[in-house]
Amino acid sequence: MPKNSKAVKRELDDDVTESVRDLLSNEDACDDSFKKSSLIVDNPEGEGKECDVEEGASDGEEEERPAWNSKLQYILAQVGFSVGLGNVWRFPYLCQKNGGGAYLVPYLILLVLIGIPLFFLELAVGQRIRRGSIGVWNYISPRLGGIGFASCVVCFFVALYYNVIISWSLFYFSQSFQQPLPWHECPLVKNKTSTYVVPECEKSSATTYYWYREALDISNNISEGGGLNWKMTVCLLAAWSMVCLAMIKGIQSSGKVMYFSSLFPYVVLICFLVRALLLKGSIDGIRHMFTPKLEIMLEAKVWREAATQVFFALGLGFGGVIAFSSYNKRDNNCHFDAVLVSFINFFTSVLATLVVFAVLGFKANIMNSKCVALNTNKIVALLGSSIEPSLIPHHINLTQVSQVTAEDYHQMIQIIKGVKEDEYPKLGLDSCSIEDELNQAVQGTGLAFIAFTEAMTHFPASPFWSVMFFLMLINLGLGSMFGTIEGILTPLIDTFKVRKEFLTVGCCVLAFSIGLLFVQRSGNYFVTMFDDYSATLPLLIVVVLENVAIAWFYGIDKFFEDLKDMLGFTPYRFYYYMWKYITPILLLLLLCASFIQLTMTPPSYSAWIQEEAVEKTLHFPPWGIAVCISLVVMAMMPVPVVFCLRYFNIIDENTSGLSTVSYKKGRVIKESPRPEDDDDASLIHGKTPSEAPSPMPGKSIYRKQSGGGGGTEVDTAPNGRYGIGYLMADMPDMPESDL
């Protein structure tokens, strides 16, 4: 202790408690009303570990840590992370596939039983411990510390291919400033004698051809690499540059970007909805979407897919939710945040579904009109040979094919089918039903880059709507990317204390380098592989372990006490039973169902065959299956590795986790797991308020130990790790849970 100390020392129970100014008298910053102090924690090796502690005049927040500029900025960040591309192209597809409006019932039920409780849990642990995923789960249970590392690995895998989708959107965005749009019609090939349509485009459609040939220049299978697609490589570089620049200053930079990236998609969705509702046929699409097929709700597959969508829609298990909430104040009402963000996410999905089905209804009417015109011409050609003119109703004028309506065509078809029942299949006439068009379920890239782009070619001022649509996709993708990258950076910075700027640039450069795999000609197939296998099972396992770690290792009763101290009220008992029993059981059932589905379905992908201009389902080659398995194993490897290292004491549990410092109104004590504590290390020394001793000066704060070497005396903290604690002289007794 410095000899020139200015503080007054007070003796109580033969132990000495020193004032803050005395303990930190060698720090110049301490003289300025203790705005920032530096706490030296000695480790067993005798080396000083410096921890910055920020002491405000009122709250006295924990260590110096960035904070959100406002609650709105934080909510927008969480909404931007949870609301992503899946809300636009996955949720509408599941609605269409699983009973229309009836699908909303199981989705809402599972949102309440799985989504909100788990979202609340992640928000609470991040806000309470104020660390990223690695620090949080090291602190909750050191042997389960691998959960945080597994989250980081999964985040990295997802970021690799998710940013490729943003690069696709950037490419389409850059091509949208043309009239007509470049995917409006098939390109023509001219030679010396004739001009003809490109065969691949003629066999498919203009938008399909543009997507597979002009944008991706895709190969016939995953084994044909085909070299880099330079256009997509440039777009991928631009996408990673945007992410890097937005994240380089942490939440101080990404938080400001959120005002635009989180709000702009809602502006576009509302504009699209208004525009689509004014188009012919949009009501047909919305009616189709909300027509419930109640019988399909009895299928287990519908509930499994609804649970999976709830799970991924909120971004559970990635670590992004924990990272964002770790920058909150301790007394922030994270329960309100969990409910608010969850329902914003749900209503965004419903809004996006309305837009998608309104546009698809318009597209279905366009395609149906083309079908009617084509088949009416067939009927005209067959008149007098296979079809008698007397079968055509008198009010239908076949001399003007363009005037024949869908109702007229269906009337002709019914008459012809009734008279020529046996010969009808040979006539080759299509039914031309709007319902059939709407039942052609499209999801993912097929919905965004084929179906939607085709519909927009029929919009008045189509380039404007195309620019708005792809700008919306870019913003939705970036919002999710910010949360995903934060789920990587925050835990690593908290753990290894590296400069955020260097780590951000290094992470983005590494990800771009690996991401070149996805911009070769076969890259789309690798995106499918990573999407199917790098996230689903690992994230489910991560969230199961998170729930079990809190409910059974740490203790649900202690967690409720922490929540009460943090929020100022006791959460509903509903969460107690959810976290302890219902949610873990549902998650295990979902995990088993997903595992069974993956094992029973051979790993496969949809390949585009250029010569036939069709999609075919192909199985992954043996090396592809090995990569799929490796992705799952690599993502989950940290969990058993960390468990074994700590179980066999290869890594000391007491020195592996980061120490954290908590204080209130001038009181600081170290919160680290005690050697005698089990793995369920408490955030507050594993004791409820009634059991927790008061950290008054005395043997509970300091013990004088005589070291064996040279008789040097050191002060040791109650957990056996060298450190200091201090108490303002005028502080009354206070239970530890109040910290």
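**A salt-bridge network and its surroundings**

Modeller: Happy to! Let's start with Arg521, which has a relative accessibility of 24% and therefore counts as partly exposed; the scale calls a residue buried under 20% relative accessible area, exposed over 50% and partly exposed in between, using a 1.4 Å probe and protein chains only. Please keep in mind that this is a predicted model, where local features need pLDDT of at least 70 and side-chain atom pairs count only at pLDDT 80 or more, while totals for chains, interfaces and linings use all residues. Residues are numbered from 1 along each chain as its sequence is written, and side-chain values use heavy atoms, with hydrogens and water left out.

The partner of Arg521 is Asp217, and their side chains meet in a salt bridge with an N to O distance of 3.7 Å. Asp217 sits in the loop between helix 9 (206–215) and helix 10 (230–247), and Arg521 in the loop between helix 21 (500–515) and helix 22 (523–533), so this pair ties together parts that are 304 residues apart in sequence. The term salt bridge here asks for a side-chain nitrogen of Lys or Arg within 4 Å of a carboxyl oxygen of Asp or Glu, and helices are DSSP runs of H or I with at least four residues, numbered from the N terminus. Asp217 is partly exposed as well, at 29% relative accessible area. The pair belongs to a network of salt bridges that links Glu200, Arg213, Asp217 and Arg521.

Across the model, the rule gives 10 salt bridges. Another one joins Lys500 to Glu486, with the closest N and O atoms 2.8 Å apart. Here the link runs between helix 21, which holds Lys500, and helix 20, which holds Glu486, the two residues being 14 apart in the chain. Lys500 is buried at 15% relative accessible area, and Glu486 is buried too, at 0%. For a contrast, look at Lys616 and Glu612, which meet at 3.2 Å, N to O: Lys616 is partly exposed at 36%, and Glu612 is partly exposed at 38%.

The axes of helix 20 (residues 462–496) and helix 7 (residues 146–175) come within 9 Å and cross at roughly 160°; axes are lines fitted to C-alpha atoms, for helices over the stretch in contact, with angles from 0 to 180 degrees between N-to-C directions. The two helices are therefore roughly antiparallel, a label for angles over 145 degrees. Helix 7 passes helix 20 in a left-handed crossing, meaning that the near helix is turned anticlockwise from the far one by less than a right angle. Helix 7 also meets helix 6 (residues 133–140), their axes coming within 7 Å and crossing at roughly 160°. That makes helix 6 and helix 7 roughly antiparallel, this time with a right-handed crossing.

Finally, a stop at the surface: Trp552, Phe553, Tyr577, Tyr581, Ile582, Ile585 and Leu589 form a nonpolar patch with about 700 Å² of accessible area together. Helix 24 (573–600) gives the largest share, 5 residues, and Ile582 is in helix 24, partly exposed at 33% relative accessibility.

Conventions. Patch = residues over 30% accessible without salt bridge, like charges linked within 9 Å, V, L, I, M, F, W, Y side chains within 5 Å. Areas by Shrake-Rupley, 256 points an atom, 1.4 Å probe, with all protein chains shown as cover. Parallel < 35°, antiparallel > 145°, perpendicular 65-115°, else oblique.
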